[in-house]
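This report describes selected features of one protein model. Please consult the sequence and the 3D structure while reading.

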Amino acid sequence: IVIYVPRDAAALAMDADEVARDIERAADERGLSVQIVRNGSRGLLWLEPLVEIATPQGRIAYGPVQPEDVAGLFEAGWLTGGEHALRLGPTEEIPYLKHQERLTFARVGVTDPLSLQDYAAHGGLQGLKRALAMEPGQIIDELVTSGLRGRGGAAFPTGIKWKTVAAAAASQKYIVCNADEGDSGTFADRLLMEGDPYVLIEGMTIAGLAVGATYGYLYVRSEYPQAIETLEAAIARARSVGWLGEDVHGSGRRFDLEVRMGAGAYICGEETSLLESIEGKRGVVRAKPPLPAVSGLFGKPTVINNVISLATVPIILAKGAAYYRDYGVGRSHGTLPFQLAGNLKHGGLVEKAFGLTLRDLLYGFGGGSASGRPLRAVQVGGPLGAYLPESQWDVPLDYEAYIRISAMIGHGGLVAFDDTVDMARMARYAMEFCAIESCGKCTPCRIGSTRGVETLDKIAAGGPDREQQVHLLRDLCDTMLAGSLCALGGMAPYPVLSALNHFPQDFGIESSQPA
Ligand code: NAI
Ligand code: SF4
């Protein structure tokens, strides 16, 4: 009997190792033969550790399983379909999973993340095989047609980025994967790296073939030790079977890659400081142009893409651009792994085609607030994303629709707050975050964020000049928006302004519309 116990960081935090150990011990004591597979997480985080039993009728889920539940599960005869309070039924039938459209995450939680056999048996390597039979230009055309846009947050068309790198003449080019997932409330990159590392390696290999790069770097934040360990092991296995190295799958083409660990700076998720960091320098933002696509790592043309962008490439190549393009709305093609966090009953990962609404995610999937109190605000797109009030929860999740309401989808993370939230405090947090994480290169961000915190403190303290301080804060936000060198200083005003515009009462003012 095969039993799946996730070894993803979220499950480990909920004692999955102890659960796996106790299952093994309990089966031994009962003379039962079980094989435990440590899979990735299905992304239903409130149910972790989510243990699954493989049966002829499919996998049956139990969760959240704690070490003290194990004996009772065996007593209930869970291996042969016995009833138990933690039994959730067939995994694929759990509504949270059933209603998703998992393309990039198709294998996550399903396979053994390090098994190459499992990977191939579940559709892995099809994209690479097709790419190896194509001309580089054809691969890029396929990607352009698919409509895939950068999933790190900026939504720049991936195919166009690759085209720029392919067109640059150079003796060496690089593929860099940005796995410095620093946004609050985001964990899609981590779930993918821990649950299906080969899809990312496959995507990077295809990128190498498409643009003529022979080497890649995976820049992973130090806060993700399990992801680093999984990737290192997957790379070694891929190398041992001749997928990576001098002769990719016997094609005579070269591609290899390595993992580099970050040291905990948010700004190293900005592409140019990430490149500085790989080069062994302090993570400070470089002015653009030149774009990394023209002069990137070690001054060479470099594709730098987020984990999800690269991990989506294999399915596009395997199933064709049209298949992927048909998901989504407007110019937002395909799917996005949304990450539900904060005060929600059912936090986790939901991969869906663009076009659904925040309300669908908050209530349809998230189950409303965990506290039972009414939800009041949702921050979408990380710590630099806007706070959305309920009046905006029916806007379709589509890059352009969000820009129209001065918000951004970013990397797809959302953090929900109930009616006890103090939005003036949240605005202060955004400015403080910017002040702490600023790389210091440009004045609007370095000085502006500190002055922003001071101004917000004055507003919170009340006093007769409160209105004037609000005016000053808006002015400062304008300067930061227009004058910052990168997105950190350039976007920190979004949470501040959205809080001011939608929740003025929290600042002690009646209404605060922009002048
Ligand atoms: P950007 O708009 O400057 O650039 C987007 C990408 O397109 C970059 O890789 C850039 O090099 C590339 N690009 C632009 N024009 C190009 C051309 N003609 N040819 C080839 N490549 C071209 O955005 P930026 O500053 O790189 O990223 C900001 C975004 O990062 C924000 O929208 C935010 O959502 C996101 N972000 C994500 C975080 C995460 O944890 N995933 C953390 C913080 C921010
Ligand atoms: Fe550095 Fe901030 Fe300027 Fe970005 S906006 S370059 S983080 S100082």
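## A buried glycine

Gly-262 is buried because its relative accessibility is 5%, where buried means under 20% relative accessible area, exposed over 50% and partly exposed in between (1.4 Å probe, protein chains only). Gly-262 belongs to the loop that runs between strand 8 (256-261) and helix 12 (271-278). Helices (H or I, at least four residues) and strands (E, at least two) are DSSP runs numbered from the N terminus.

Apart from neighbours within four places in sequence, Gly-262 contacts Tyr-219, Val-220, Arg-221 and Ser-222, contact meaning heavy atoms within 4.5 Å. A distance of 31 Å separates the C-alpha atom of Gly-262 from that of Val-144, and the two residues are 118 residues apart along the chain.

## Basis of the model

The model is predicted: local features need pLDDT of at least 70, side-chain atom pairs count only at pLDDT 80 or more, and totals for chains, interfaces and linings use all residues. Residues are numbered from 1 along each chain as its sequence is written, chains are lettered from A and ligands numbered from 1 in the order in which they are written, and side-chain values use heavy atoms, with hydrogens and water left out.

The average pLDDT of the protein is 97, and 99% of the residues score at least 70; pLDDT is the predictor's confidence in each residue, from 0 to 100. The ipTM is 0.96 and the pTM is 0.97.

## Nonpolar cores

A nonpolar core is a set of buried Ala, Val, Leu, Ile, Met, Phe, Trp, Tyr and Cys residues joined through side-chain atoms within 4.5 Å. The largest such core has 105 residues, of which Trp-162, Leu-200, Leu-218, Val-220 and Trp-243 touch the most other members. Helix 10 (residues 197-211) makes the greatest contribution to this core, with ten residues. Another core, of 34 residues, lies apart from it and includes Ile-94, Ala-155, Leu-336 and Leu-340.

Residues up to four places away in sequence aside, Leu-200 touches Cys-177, Leu-192, Met-193, Leu-218, Leu-231, Val-307, Leu-310 and Ala-311.

## A surface patch

Val-144, Phe-156 and Ile-160 make up a nonpolar surface patch with about 230 Å² of accessible area together. Patches consist of residues with over 30% relative accessible area and no salt bridge, like charges being joined within 9 Å and nonpolar side chains (Val, Leu, Ile, Met, Phe, Trp, Tyr) within 5 Å. Accessible areas come from the Shrake-Rupley method with a 1.4 Å probe, and for residues only the protein chains shown count as cover.

Phe-156 sits in the loop between helix 7 (136-146) and helix 8 (158-167). Phe-156 counts as partly exposed because its relative accessibility is 44%.

## Salt bridges

The whole structure contains 30 salt bridges, each a side-chain nitrogen of Lys or Arg within 4 Å of a carboxyl oxygen of Asp or Glu. One of them joins the side chains of Glu-92 and Arg-42 (3.1 Å, N to O). Glu-92 is in the loop between strand 5 (87-90) and helix 4 (95-98), and Arg-42 in the loop between strand 2 (35-37) and strand 3 (51-55), so this pair ties together parts 50 residues apart in sequence. Glu-92 is partly exposed at 48% relative accessible area, whereas Arg-42 is buried at 4%.

Glu-400 and Arg-331 also form a salt bridge, with their closest N and O atoms 3.2 Å apart. Glu-400 lies in helix 16 (residues 399-404) and Arg-331 in the loop between strand 10 (328-329) and strand 11 (332-333), so that the pair links distant parts of the chain, 69 residues apart. Salt bridges with shared partners connect Arg-42, Glu-52, Arg-59 and Glu-92 in one network.
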